Amino acid sequence: MMLPLAAFTVAFGLAFGVAAAHQGLSHWEAMSMSLFVFAAPSQFAALELWDSPLPILALAAITMAIHTRHMLMSAALYPWLKLLSKRQQFAMVIFLTDSSWAMAMAEYHRGERNLGILLGGGIALWCAWVVGTAIGLAFGGEITEPERYGLDVIMLCFLLMIVVGGNSRAVMALPWLASALSALMAYWWLPPYLHVVIGALVGGVVALLLPGRWFGAVTS
Amino acid sequence: MNTSPTLQSLLAITLMVVIAYGSRVLGLLVMSHIPLGPNVRRFVDAMSSSVLIAVITPMVVHGDGGARLAAIAAGTVAIVLRSPLASIGVGMACAAFWRWWLV
């Protein structure tokens, strides 16, 4: 399960490396982002803004908006991690990403309690991401149009796969619809990247407003 | 700002790192202080998938035909086969196909 995902992460990292090279980032900038930030969506978003002089505030705001998602993810991990010491807990989430989180949570719901899945998966994806970025930077000049090879839709397909493959339950139809609509409206009419936060909050609130018994049968 | 470009990017990347890691830790910290009632749980569950929906929707709506085709194909494969590998692979192939031959 993890190995094919790592392969795609290499390809995706490659896409980032190529995009970064085309955007005019130096190698050390792109590499240190992949090494230390290790979060594809915010790195791609940062590329869009990467212009001299750097809009530092906008960059920070967008990174924060995108990363509220990771806050929610680590919050969801809490019941699993709470037996560890604080220090160990903090170490466990260093390599937390969308993909390793989704995979680990799926295993957790299947009854798996071995945290190696979470940490090992995270480290594997981190290596793949860094290697991919390096390859992309090295050969970035050769691939002039990464989108011709479908490299830009990996992220889209991946997120979609997590959503519909993960816990697609009929009861989520309304929250998701509300989230999609509000996100789209925010995307059109509000400052950039607020749509992620707004869509998430609207989805959560709508789920709260629905009758609790709709959810009752399937609480995990 | 009059700082040099190198210093600027260093600052920007450092900020990104702090926020990226901070958000991962903050979730744990918040949860260790909030009792996990059914309502909190429902909100968090719904929010965590709604985040992804909110990210995807504009990508699909404002994407080109290739991106839309990829989204439909990947979504269908994910539901039918439940395989992440096949899902992403088919999505990429569809997008590439669209852009090589149809545009």
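## First stop: a helix of chain B

Select helix α3 (residues 65–81) of chain B: at 1.5 Å a residue, its 17 residues should span 24 Å, and the end C-alpha atoms are 24 Å apart, which agrees. The expected span is 1.5 Å times one less than the number of residues. Helices here are DSSP runs of H or I with at least four residues, strands are runs of E with at least two, and both are numbered from the N terminus.

This is a predicted model, in which local features need pLDDT of at least 70 and side-chain atom pairs count only at pLDDT 80 or more, while totals for chains, interfaces and linings use all residues. Residues are numbered from 1 along each chain as its sequence is written, and chains are lettered from A and ligands numbered from 1 in the order in which they are written.

Colour the buried positions of α3(B) next: Gly66(B), Ala67(B), Leu69(B), Ala70(B), Ala71(B), Ala73(B), Ala74(B), Gly75(B), Val77(B) and Ala78(B). A residue is buried if 20 or more other C-beta atoms lie within 10 Å of its own, exposed if 12 or fewer, and partly exposed in between, with C-beta atoms placed from the backbone. An α-helix has 3.6 residues a turn, so residues three or four places apart point the same way. Just after α3(B), select Arg82(B), which takes a positive phi of about 55°.

## The following helix and the whole of chain B

Move to Val90(B), in helix α4 (residues 84–102) of chain B. Is Val90(B) buried or partly exposed? It is partly exposed, because 19 other C-beta atoms lie within 10 Å. Leaving out residues up to four places away in sequence, Val90(B) touches Ala73(B), Ala74(B) and Val77(B); two residues are in contact if their C-beta atoms, placed from the backbone, lie within 7 Å.

Now show chain B entire. It has 4 helices and 0 strands, and its C-alpha atoms fill a box of roughly 50 × 50 × 25 Å along the principal axes. A compact globule of 103 residues would have a radius of gyration near 13 Å, but chain B has 20 Å; the radius is taken over C-alpha atoms, and the globule rule is 2.2 Å times the number of residues to the power 0.38. Colour domain 1 (1–34) and domain 2 (45–103) of chain B separately. Their C-alpha centres lie 30 Å apart. These bounds come from an automatic or database domain assignment.

## Chain A

Show chain A, which has 11 helices and 0 strands. Its C-alpha trace spans about 55 × 45 × 35 Å along the principal axes. With 220 residues, a compact globule would have a radius of gyration near 17 Å, and chain A has 18 Å, which agrees. Of the contacts in chain A between residues at least 6 apart in sequence, 74% join residues at least 24 apart. Chain A is divided into domain 1 (2–168) and domain 2 (169–220), with 23 Å between their centres, taken over C-alpha atoms.

Select Ile94(A), in the loop between α5 (86–92) and α6 (98–109) of chain A. Ile94(A) is partly exposed, with 15 other C-beta atoms within 10 Å. Its C-alpha atom and that of Gly122(A), 28 residues apart along the chain, are separated by 8.4 Å.

## Where the chains meet

Display both chains. How many residues of chain A are in contact with chain B? There are 74, and they meet 62 residues of chain B. Helix α4 (residues 56–81) of chain A gives the most to its side, with 18 residues. By class, that side has 52 nonpolar, 18 polar and 4 charged residues; Ala, Val, Leu, Ile, Met, Phe, Trp, Tyr, Cys and Pro count as nonpolar, Asp, Glu, Lys and Arg as charged, and the others, Gly among them, as polar.

Centre on Met172(A), in the loop between α8 (154–167) and α9 (173–189) of chain A. Met172(A) is buried, with 23 other C-beta atoms within 10 Å. Leaving aside neighbours within four places in sequence, Met172(A) is in contact with Ala46(B) and Ser49(B).

Finish at Cys157(A), which touches Ala70(B), Ala74(B), Ser87(B), Ile88(B), Gly91(B) and Met92(B), not counting residues up to four places away in sequence.
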